[in-house]
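I wanted to get to know this chain by looking things up one at a time. These are my notes, in the order I made them.

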Amino acid sequence: MMFFVIALIVIAGGYFLFRKGKPSVVNTESDLLSYKNLLNQEVDFYKKLDINSKSRFETLVFEFLNDVRIEGVGTDVTDKDRTLIASSAIIPVFGFPEWKYKNLTNVILYPDTFDKDFQFEGGSRNIMGMVGTGYMNGQMLLSRGALTKGFSSSAGKENAAIHEFIHLLDKSDGATDGVPENLFAHEYAVPWLKMMHQEMRRIEDGKSDINPYALTNEAEFLAVASEYFFEKPEKFERMHPELFKMLNRIFNI
């Protein structure tokens, strides 16, 4: 027990030693212009919106940046980082204009992938993002490499940051179970579970192009399928029309 307590102190001490950054406040005309330019350069979802929807997206991004602290561990946080993190948060809830991430206070950005002990140097590091639990509750950890790749032309069907924000939405009803009951009516829960399990069997049989990581559990299925839905909507609709309709309903698009 004493070893566990000491380990927690060491980890926490390392976090406060290496974290870098400032509160993500957006409050000047220069800030607004900078973030709007970055949205136009980096975020395809935003670029496809009409003028009024772009304005609403910008407002939601600015509100997120004023509500949630974004900090770097072993790295400085740039405006591009903040733009991509905020966009990852807003894309899944764009159909819910009043949504606030009440279960999130901090996003912690690592320069690269990290391990289960939150180390980003040496060893076996394969974690691209995670939603904190226990003493890390209310915090999200992200790898800058994964964050940037998710918005690049080489991203394919994957976006690690959106993946983690989907987990946060799923968790908002008290259970990270693949059924985000705060987003859609209760009567859709059973049909959605049935649809998930059918597709999971297709993945097992090699008959689906959804990433096999979705087989981990229902929560990961929701996050993986949602990445695909937001990153490649036309292809997702063509390959998975019924799932596409259900995710449209879930995300109110």
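**Ground rules.** I call a residue buried if it has under 20% relative accessible area, exposed if it has over 50%, and partly exposed in between (1.4 Å probe, protein chains only). I'm looking at a predicted model, where local features need pLDDT of at least 70 and side-chain atom pairs count only at pLDDT 80 or more, while totals for chains, interfaces and linings use all residues. Residues are numbered from 1 along each chain as its sequence is written, and side-chain values use heavy atoms, with hydrogens and water left out.

**Whole chain.** The chain has 253 residues, and 46% of them count as buried. I looked up its secondary structure and got 11 helices and five strands. Helices (H or I, at least four residues) and strands (E, at least two) are DSSP runs, numbered from the N terminus. Next I checked contacts, meaning heavy atoms within 4.5 Å. Among contacts between residues at least 6 apart in sequence, 65% join residues at least 24 apart.

**How to describe a helix pair.** Two packed helices are described by the angle between their axes and the distance between the axes. The axes are lines fitted to C-alpha atoms, for helices over the stretch in contact, and the angles run from 0 to 180 degrees between N-to-C directions. Under 35 degrees counts as roughly parallel, over 145 as roughly antiparallel, 65 to 115 as roughly perpendicular, and the rest as oblique.

**H4 and H5.** I started with helix H4 (residues 51–67) and helix H5 (residues 79–90), which pack at an angle of about 110° with their axes 9 Å apart. H4 and H5 are therefore roughly perpendicular to each other. Their crossing is right-handed; that's the name if the near helix is turned clockwise from the far one by less than a right angle, and left-handed if anticlockwise. On the H4 side I found Phe57, Leu60, Val61, Phe64 and Leu65, and on the H5 side Arg82, Ile85, Ala86, Ser87, Ala89 and Ile90. Sorted by class, this contact has nine nonpolar, one polar and one charged residues. For the classes, Ala, Val, Leu, Ile, Met, Phe, Trp, Tyr, Cys and Pro count as nonpolar, Asp, Glu, Lys and Arg as charged, and the others, Gly among them, as polar.

**Asp81.** While I was in H5 I also clicked on Asp81, which lies in that helix. Is Asp81 buried or exposed? It counts as buried, because its relative accessibility is 3%. Leaving out residues up to four places away in sequence, Asp81 touches Asp76, Leu109, Arg144 and Leu147.

**H9 with H7.** Helix H7 (residues 160–171) and H9 pack at about 130°, with their axes 9 Å apart. That makes H7 oblique to H9. H7 passes H9 in a right-handed crossing. By class I got eight nonpolar, three polar and four charged residues in this contact. Among the H7 residues in it are Ile162, His163 and Ile166, and the H9 residues include Ala219, Leu222 and Ala223.

**H9 with H8.** The axes of helix H8 (residues 189–204) and helix H9 (residues 218–231) come within 11 Å and cross at roughly 80°. That makes H8 roughly perpendicular to H9. Trp192, Leu193, Met196, His197, Glu199, Met200 and Ile203 in H8 meet Glu218, Phe221 and Leu222 in H9. The class count here is seven nonpolar, one polar and two charged residues.

**Gly178.** Where is Gly178? I found it in the loop between H7 and H8. Gly178 and Ala223 are 45 residues apart along the chain, and their C-alpha atoms are separated by 7.8 Å.

**Met128.** Met128 sits in the loop between E3 and strand E4 (129–131). At 44% relative accessibility, it counts as partly exposed. The C-alpha atoms of Met128 and Ala160 are separated by 6.7 Å, with the two residues 32 apart along the chain.

**Asn252.** My last stop was Asn252, in the segment after helix H11 (241–251). It has a positive phi of about 55° although it is not a glycine.
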